[in-house]
Amino acid sequence: MRIEAAELRILELPLKFRFETSFGVQTRRTILLLRLFGEGLEGLGEGVMERLPLYREETVAGAKYLLEEVFLPRVLGHDLPNPTALSEALAPFRGNPMAKAVLEMAFWDLWAKGLGQPLWQVLGGVREAIEVGVSLGIQPTVEATLKAVEAHLAQGYRRIKLKIKPGWDYEVLKEVRQAFPEATLTADANSAYGLSDFPQLKRLDGLGLDYIEQPLGYDDLLDHARLQRELATPICLDESLTSPEKARKAIELGAGRVFNIKPARLGGHGPSLMVHALAQAAGIPLWIGGMLEAGVGRAHNLHLASLPGFTKPGDVSSASRYWEEDIIEEALEAKDGLMPVPQGPGIGVRLKLDWAERITLWRRYMSGN
Ligand code: OSB
Ligand code: MG
């Protein structure tokens with residue numbers, strides 16, 4: 001597949017809800033959107049990095065710079081036989097998996113379209129719909145939390161994940177557990193705790209949580225392994241898993257018994273397939289994470305989540321929860337806790353170009369000639 005041209009944009013889309021986590025509050029998304037053109041087809045990729053490095057180190061500005069000045073010039077005008085060849089072209093550059101993933105995932109879409117196949121099939125997926133849960137931000141009160149949990153369980157979501165932080169953990173989780181004894185509950189700390197918090201984290205053991213997500217440092221594996229030895233509840237790694245290499249080390253150390261896969265955090269679909277293989281060999285269950293994606297990123301996540309190792313409900317909930325108007329034509333909506341994987345070639349969704357145009361802050365077209 002020859003990459004003939006590219007269009008990079010920055011869009012801004014307001015969220016329908018205020019999303020509070022241990023690292024901050026999000027009310028809108030600044031989205032790096034890439035369109036790759038080749039052989040009469042178009043591939044789409046969506047960045048998940050934020051303006052500020054609060055989740056991991058990458059930023060919209062940093063990714064924009066790398067894509068414009070370094071990554072796209074490396075591949076524009078080149079005929080690449082497959083996505084592995086594209087990853088190899090980016091391999092000399094260290095880190096920055098989210099910036100690489102924008103290009104890598106857009107190329108998977110373009111390549112699958114060239115083959116005339118849906119992306120899930122090209123990736124080796126086995127499911128036509130994905131079991132999903134929701135990730136609920138920190139609410140102003142326990143009562144508001146109980147209401148939000150009840151509303152989302154009533155909509156059929158298969159798992160409720162609550163964001164926690166020091167001072168907002170055991171008590172709220174205990175109330176939710178008492179009110180919903182049968183619900184599949186998890187907690188996500190987004191790296192808010194440290195070694196001195198082990199006694200408080202051990203209190204969560206009695207709450208029947210399916211797992212506790214990323215309690216410790218955003219790049220840590222060693223302390224998570226130490227904590228996992230003291231906890232009965234499985235630890236699920238999110239932030240710390242940024243490459244197949246990190247996943248291999250996490251498995252060897254016993255840093256977590258569950259993995260959250262966000263293809264954008266791992267550098268794209270190729271590295272995600274490698275982590276999928278490692279996790280399957282080690283008996284580690286996977287689930288697809290979310291980064292408040294708009295339609296392009298959400299569709300990519302759904303395709304990847306159709307692989308056999310994704311056995312726990314994912315964070316890819318209905319697009320209408322997040323946006324008044326999404327950037328794609330198709331409505332990605334869950335029913336009874338199941339999200340259909342879009343069909344049709346590639347990611348199976350089309351950009352709503354007129355709407356994207358209206359929310360575009362910046363745009364650049366780059367040609368390979
Ligand atoms: O830790 O999983 C996370 C959103 C932004 C950054 C990090 C995380 C999240 C979520 C939301 O939990 C998942 C979603 O609804 O897309
Ligand atoms: Mg998380």
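Q: Is Tyr 322 buried or exposed?
A: Tyr 322 is buried, as its relative accessible area is 5%. Buried means under 20% relative accessible area, exposed over 50%, and partly exposed in between, with a 1.4 Å probe and protein chains only. This is a predicted model: local features need pLDDT of at least 70, side-chain atom pairs count only at pLDDT 80 or more, and totals for chains, interfaces and linings use all residues. Side-chain values use heavy atoms, with hydrogens and water left out, residues are numbered from 1 along each chain as its sequence is written, and chains are lettered from A and ligands numbered from 1 in the order in which they are written.

Q: Which charge lies over the face of Tyr 322?
A: Arg 298 does, at 4.0 Å from the ring centre. The rule asks for NZ of Lys or CZ of Arg within 6 Å of the ring centre and within 35 degrees of the ring normal.

Q: Where else does an Arg lie over the face of a ring?
A: Arg 159 sits over the face of Trp 287, 4.9 Å from the ring centre.

Q: How many aromatic pairs are in the whole structure?
A: Eight aromatic pairs turn up in a search of the whole structure. Rings of Phe, Tyr and Trp (its six-membered ring) pair if their centres lie within 6.5 Å; planes under 30 degrees apart count as stacked, over 60 as edge-to-face and the rest as tilted.

Q: Why is the pair of Phe 17 and Phe 19 edge-to-face?
A: Because the planes are at 70°, with the ring centres 6.0 Å apart. Phe 17 is partly exposed at 21% relative accessibility, while Phe 19 is buried at 7%.

Q: And what about Phe 17 with Tyr 322?
A: That pair is tilted, because the planes are at 50°; the centres are 5.6 Å apart. The two are 305 residues apart and link distant parts of the chain: Phe 17 is in strand β1 (residues 5-21), Tyr 322 in helix α13 (residues 319-322). Helices (H or I, at least four residues) and strands (E, at least two) are DSSP runs, numbered from the N terminus.

Q: Which residues form the aromatic cluster?
A: Phe 17, Phe 19, Tyr 322 and Trp 323 make up one cluster.

Q: Switching to the metal. What are the protein donors of the magnesium ion (ligand 2)?
A: Asp 188 (OD), Glu 213 (OE) and Asp 238 (OD), at 2.1 to 2.3 Å from the ion. Donors are N, O and S atoms within 2.8 Å of the metal (3.2 Å for Na, K and Ca); water is not among the atoms, so sites may look incomplete.

Q: How are the donor residues spaced in sequence?
A: The spacing is D-x24-E-x24-D. Asp 188 lies in strand β7 (residues 185-188) and Glu 213 in strand β8 (residues 212-213), so the pair ties together parts 25 residues apart in sequence.

Q: Is Asp 188 buried or exposed?
A: Asp 188 is buried, at 0% relative accessible area. Glu 213 is buried too, at 0%.

Q: What does Glu 213 meet in a salt bridge?
A: The side chain of Lys 161, at 3.0 Å, N to O. A salt bridge is a side-chain nitrogen of Lys or Arg within 4 Å of a carboxyl oxygen of Asp or Glu. Lys 161 is in strand β6 (residues 160-163) and Glu 213 in β8, so the bridge ties together parts that are 52 residues apart in sequence. Lys 161 is buried, with a relative accessible area of 2%.

Q: How many salt bridges does the count come to?
A: The count comes to 33. Glu 68 and Arg 364 form one of them, with the closest N and O atoms 2.7 Å apart. Glu 68 lies in helix α1 and Arg 364 in strand β13 (residues 360-367), so this pair ties together parts 296 residues apart in sequence. Glu 68 is buried at 8% relative accessibility, whereas Arg 364 is partly exposed at 33%.

Q: Last topic, the sheet. In what order do the strands of the open sheet run?
A: Seven strands run β5-β6-β7-β8-β9-β10-β11, with parallel pairing. The edge strands, β5 (134-136) and β11 (286-288), each pair on one side only. Two strands pair if DSSP finds at least two bridges between them.

Q: How many bridges do β10 and β11 pair over?
A: Strand β10 (residues 258-261) and β11 pair over three bridges. Phe 259 has Leu 286 in β11 as its bridge partner.
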